[in-house]
Amino acid sequence: MILTIVADHAHLHFDQLGLNPRIFTIGWFSLKWYSISYIAGVVVGWWYLLKLLAQPGAPMARRHADDLVFYATLGVILGGRLGYVIFYAPEMITTPLHILRLWDGGMSFHGGVIGVSTGIILFARQQKLNWLRVHDYVACTVPFGLFFGRLANFVNGELWGKPADVPWAIIFSDTVPAGLTEPARHPSQLYEAGLEGIVLFAILWFFFWRTKARYDPGKLVGIFLAGYGIARFIVEFFREPDSQFAGTSLATGIHMGQWLCVPMIAGGAYLIATARGRRERVEPISGSESVA
């Protein structure tokens with residue numbers, strides 16, 4: 001039996017928040033909060049990366065970080081879009097031009113991870129850097145982008161959660177057939193912003209600044225992968241199932257996002273468990289003093 005939770009006056013309506021996906025519109029051009037979230041994630045992440053590189057034993061210099069931003073940004077865009085097409089909307093392959101319509105939305109975080117990792121590996125090989133240690137430092141900056149991105153999802157009123165009767169549940173849409181009432185739902189976008197953004201950042205902050213994890217190649221990126229995978233797997237239980245899989249063999253109790261998190265959790269656990277064995281004397285990119 002399916003329990004339908006009917007929203008009442010006690011729940012907040014999304015429209016009452018006064019949020020608008022567009023910051024402003026001039027003619028054909030519209031600046032959206034979703035675009036700003038990407039820019040903010042890159043800028044704040046780059047700023048924090050420079051703070052990390054200023055510490056002893058950094059795997060690259062400031063000049064490398066400036067160039068890496070380009071590779072990472074390109075990886076996020078290309079990987080995120082292609083990941084969305086492959087994992088969530090394979091029918092778009094038959095209409096290639098629609099793949100280029102980034103302004104219509106549709107990005108996959110898991111695809112973005114693959115894209116960024118590919119960019120880092122190519123960049124590190126070109127610059128003769130330790131690609132795994134570069135990953136460690138970049139992983140510490142990713143929660144900024146996740147936080148801003150999930151807030152943008154909330155402002156857009158998209159990717160909402162399952163029906164709920166908790167006090168903080170929100171009625172996201174009133175565009176339903178006559179005679180029906182849209183149920184209040186979990187604001188799962190904010191759950192993800194908290195877990196994937198704030199909590200994951202705090203965990204990585206602790207291990208970078210309060211332990212010697214940055215000297216164990218792969219440990220920090222392993223913590224990120226496992227941490228994100230666990231957080232996303234949990235929140236998916238509160239999110240509305242992917243509508244494009246309704247009526248297919250993929251419409252199971254486990255969402256696509258959860259399936260994609262399984263290899264992340266396994267890979268992260270492996271990197272954490274084996275990181276100590278990869279530790280070696282760290283020679284900083286600049287300066288002459290060896291570290292760890």
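**Entry 1: a pocket**

I began with the second largest pocket, where α9 gives the most to the lining, with 5 residues. The model I am reading is predicted, so I noted that local features need pLDDT of at least 70, that side-chain atom pairs count only at pLDDT 80 or more, and that totals for chains, interfaces and linings use all residues. Residues are numbered from 1 along each chain as its sequence is written, and side-chain values use heavy atoms, with hydrogens and water left out.

I wrote down what a pocket is: on a 1 Å grid over the protein atoms alone, a pocket is an open set of points where a 1.4 Å probe fits, with protein on both sides within 12 Å along at least five of seven lines, and lining residues have an atom within 4 Å of a point. Rolling a probe the size of a water molecule over the atoms shows where empty space is left.

How much space lies in the second largest pocket? I found about 200 Å³, a volume being the space filled by probe spheres set on the points, which are joined across faces, edges and corners.

Next I looked up the lining: F87, H110, V113, I114, S117, L225, L260, P263, M264, G267 and G268. I sorted the lining into 7 nonpolar residues, 4 polar and no charged. For that sorting, Ala, Val, Leu, Ile, Met, Phe, Trp, Tyr, Cys and Pro are nonpolar, Asp, Glu, Lys and Arg are charged, and the others, Gly among them, are polar.

**Entry 2: the whole chain**

I then stepped back and counted 9 helices and 4 strands in the chain. Helices (H or I, at least four residues) and strands (E, at least two) are DSSP runs, numbered from the N terminus. Along the sequence I read the pattern β-β-β-α-α-α-α-α-α-β-α-α-α.

Of the 292 residues, 42% are buried. Buried means under 20% relative accessible area, exposed over 50%, and partly exposed in between, with a 1.4 Å probe and protein chains only. I also checked contacts, meaning heavy atoms within 4.5 Å. Among contacts with a separation of 6 or more, 70% join residues 24 or more positions apart.

**Entry 3: the core**

Which residues have the most contacts inside the largest nonpolar core? They are L68, F224 and Y228, in a core of 38 residues. The elements giving two or more residues to this core include α1 (33–53), α2 (62–87), α5 (131–139) and α8 (219–235). A nonpolar core is a set of buried Ala, Val, Leu, Ile, Met, Phe, Trp, Tyr and Cys residues joined through side-chain atoms within 4.5 Å.

**Entry 4: rings**

I found 18 aromatic pairs. In one of them, F144 and F201 are tilted, at 5.0 Å centre to centre with 50° between the planes. F144 lies in helix α6 and F201 in helix α7, so the pair ties together parts that are 57 residues apart in sequence. F144 is buried at 17% relative accessibility, while F201 is partly exposed at 23%.

My rule for pairs: rings of Phe, Tyr and Trp (its six-membered ring) pair if their centres lie within 6.5 Å; planes under 30 degrees apart are stacked, over 60 edge-to-face, and the rest tilted. I also saw that ring pairs link F14, F154, W160 and F172 into a cluster.

**Entry 5: single residues**

Is H186 buried or exposed? H186 is buried, with a relative accessible area of 11%, and lies in the loop between β4 (170–171) and α7 (188–209). Not counting residues up to four places away in sequence, the residues H186 touches include W160 and F172, both names from the ring cluster.

S37 lies in helix α1 and is buried at 6%. Beyond residues up to four places away in sequence, S37 touches F148, G149 and A152.

G18, in the loop between β1 (12–13) and β2 (22–26), is exposed at 64%. I noted 9.4 Å between the C-alpha atoms of G18 and V155, which sit 137 residues apart along the chain.

Last, I looked up two backbone angles. K128, in the loop between α4 and α5, has a positive phi near 60° without being glycine, and K128 is exposed at 73%. L159 is not a glycine either, yet has a positive phi of about 55°. L159 sits in the loop between α6 and β4 and is partly exposed at 38%.
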